[in-house]
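Visitor: I'd like to go through a model with you, one question at a time. Could you show it to me?

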Amino acid sequence: MMSSSVRSFQLLIAIIMLVVAFVASIVLGQTSIPLGTAFDAFTNYDANSIDHIILTTTRLSRALTAMFVGAGLAVAGALMQAMTRNPLASPGIFGVNAGALFAIVLCSTLFSIASLQDYIWIAFAGAGFAGVLVYGLGTIGRDGVTPVKIVLAGAAITALFVSFTQGLLVINQDGLDSILFWLAGSVAGRSLELVRPVLPFLFIALVASLFLGRHINILVSGEDVAKGLGQRTILIRLLMGLLVVGLAGSAVAIAGNIAFVGLIVPHIARALFGTDHRWLLPGCMLLGATLLLLADIAARFLIMPQEVPIGVMTALLGTPFFIYLARQTAVAQS
Amino acid sequence: MDKLLTLRTSVVSIQLNSVTLKMLGTLLIGTLAIALMSLSAGSQWLNPIEVVKELLLSEPGQHAFVIETLRLPRVVTGFLVGGALAVSGLILQSLVRNPLASPDIIGITSGASAAAVFFLSYLAETVSALWLPFAAILGAALTSLIIYLLAWRQGVTPLRLILIGIGLVAGLGAMTTFMIVLSPIATSMMAYVWLTGSIYGSDWQDVTALLPWLLVLLPLSLMLSRTINVQELGDPVTVGLGVQVQRTRFVLLAISVALAGSAVAYAGAIGFVGLIAPHIARQLVPRSFGSLAPASLLIGGCLVVVADTIGRTAFLPLDVPAGVFVSAVGAPFFIYLLYRQHR
C-alpha cells in the first residue's frame, strides 16, 4: 500500500504539472507571449496592448474550457469504469457523446436554438438518454453486464446517433459549416461569457464526485459486499449515473465531441495513484485537465497556421490505447 | 427427399433444393417489384404500367428522361451496392464464424471512407475520379490488414477482431473528420454527404464502373462456396478435409474487402447492410453458401433500394441519404442479435 504522504506528494506534482500546462496554454500559440507580459495582463491590464487582449479574450477562456472539459470527461470515465467494472467504459465508447451531439444537432435544426444555455439542457437530455439506453441494453440477457456486450451496444448506439446526426446535417446544409468544427471537438472560439453558465455545473459535479470516493470504493468491491456493509447501492449508482450525465453532457455542450479522454485518463491515474477512489478521482481530474491542455497546445502547432480539432488529437492518441486495452480484455474474457 | 438441382463442374459445386429455388424466385420477383415501385415513386409519381412500357419499348416516351436518366441508374446502383455489401458481410460472417461481423462493425468500411475522403480532398483535382474505387479498396484492404495483425495473438478470435475494429473505427472517423474540417466547404459538403451513404446523383457511368467488380468477385466467391461451407465446421475439420485453410481464408477476406471497398466507393458508407442482409437470408434459405449468397445479394440490394426510395420521397423536396434509414433499422437489429447471442 502506498502511504498517504506519497500520494499527497504525487497529487502535488500533478497540481504543479497542471499549473505549468495552464500557463503554457496561455502564452504559447501563433503569437507567443512572454511570461512577463502574461503576468502583466492580469495585474496591470493595458487595453491598448494586443498581447493583453489576446490573453484575456481568447487564450484564457480557451485554457479554462480545456481544463474543465478534460477534468469532467476524465472523472466521468472513471465513474463509468467503476460503475460497470469495465476497463473499456468511457463516455465516447458508450455513446453518451454521440447522444448529446445528436440531441444538440436535432434541436438546432428543428427549433433553431443557438444559445449555449439551452444547449446544455439538451445535451444533458441526449447524454442521459443514450447512457441509459446503452446501460440497459448491456444488462439484458442472462449473464448480466459483460464488458464486451456493453461495448458492442455502445458501438451500435453510437453508429445510430452518428448516422442520424449526419442525415440532419445533410438536410440542413447551411448549418454544417458552423457545426462541423464542433462535431470534431474544439475548445477554441468559446468566449468566457459563453462558457460561464456551464462551468458551475461542471464544478459542482466535480466536487460532488470527490465526496463519493469512499462509497465507490465499497461499490467496486462487489454488489453483495456493498449491500452487506449497509450501502444503499442503488442510490450510489443513481448518483454516479447523474454525475456521469452531468459531466459528460456539459463537456459535450461546451466542446463538442472529444473522445477517449474519459478512457485513457482513468487508466493512467490508476497506474499512478492506485485504485482507491478517494485519491483516484482527484488524480483523474488533474490529469484529465493537464492532458487536454497539452493536447490543445499540440493542436495549435502541428499544422500551423491551421489548427487540428482537439477531438481529432485525442482520438489519434486514444485509438492505440483502446486497442491495447481491447487486446487485454479479450484475452481475459476468453 | 427434396429434388436437388446440382451444379457441379471442375470449379463450381452448388446444390440447390426446390425450396431454395422457389425462395430465390420469390425474392427475384420481389426485387423487380421493389425496383418498379422505386422507379415510379419520386417528386413526380408515374404510373407503374407506364414505367414498364417505357422500359420495354425501344423508342423514348414522354418520361424517358425521368426514368432512364434520373431514376433507373440510381435504382441499379443502389441494388448493386446493397448486394455487394451483403455478400461481403456474408463472407465475413462465415469467415470469423460470428454473426456480428460485418464490414462496418469491424472497420473495413471506415478504412474505405477515410481513403475515399482523402482522395476527394487532396487528389480529386489532379487524378481522374475513376481511381476513387481503387483508393477506397486500397483503404479497405490496408485497414483489414491492420485489424487482422492487431487481432492476431496466437490466432485471431472473433471477439478481439470486433473490439479492435471498434477502436479503429473511432480513430479513422477522427481522421476523416479532420480531413473534412480542413478542406474547403464545397469539398467538405461533398465528402459529408458521401460519408452518410447516399446514391444521390448516380448515373450510368457509376453503374458501368461498379458492375465489372461484382461480375468478377461474385462468381469468384461462388467458386469457393464449397470451402466456405466446410470452414464453418471449424479449422481442424477443414484441414482434415484437405482445404488449405490459411490460403482460402486470405482469398475470401480479399474478396470480401474488395466487394465492400467498391460498394463504399460509389455509395459512401452505408452501414449495417452487410450485417442485416445475411441474417434475413439465413431465415429464408438453407445454410449453404451457394444458396445464401444469391439470397443475401437480392435482400441487400432491396434494402438499399427501399431505403433510398424512402429517403427521396418521404421528406420531399429533401433528399435524405439512404444510409440514415438503413442505420435506423440496422442498429436495433444489431442489438437484437447481441441479445440473442448472449442469452
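Predicted model: local features only at pLDDT ≥ 70, side-chain atom pairs only at ≥ 80, totals over all residues.

Visitor: How much area do chain B and chain A bury between them?
Guide: Residues are numbered from 1 along each chain as its sequence is written, chains are lettered from A and ligands numbered from 1 in the order in which they are written, and side-chain values use heavy atoms, with hydrogens and water left out. Buried area is the accessible area (1.4 Å probe) that two parts lose on being put together, summed over both. Of the area here, 81% is on carbon and sulfur atoms, and the total for chain B and chain A is about 4,100 Å².

Visitor: Which element gives the largest share of the side of chain B that touches chain A?
Guide: Helices are DSSP runs (H or I, at least four residues), numbered from the N terminus. The elements giving two or more residues to that side of chain B are α5, α6, α7 and α14 of chain B. The largest share, 17 residues, comes from α6(B).

Visitor: Inside chain B, how do α3(B) and α12(B) lie to each other?
Guide: Their axes, lines fitted to C-alpha atoms over the stretch in contact (heavy atoms within 4.5 Å), come within 7 Å and cross at roughly 75 degrees. Angles run from 0 to 180 degrees between N-to-C directions, and 65 to 115 counts as roughly perpendicular. Therefore α3(B) and α12(B) are roughly perpendicular.

Visitor: How many salt bridges does the rule find across the interface of chain B and chain A?
Guide: The rule asks for a side-chain nitrogen of Lys or Arg within 4 Å of a carboxyl oxygen of Asp or Glu. Across the interface of chain B and chain A, the number found is zero.

Notes. Parallel < 35°, antiparallel > 145°, perpendicular 65-115°, else oblique.
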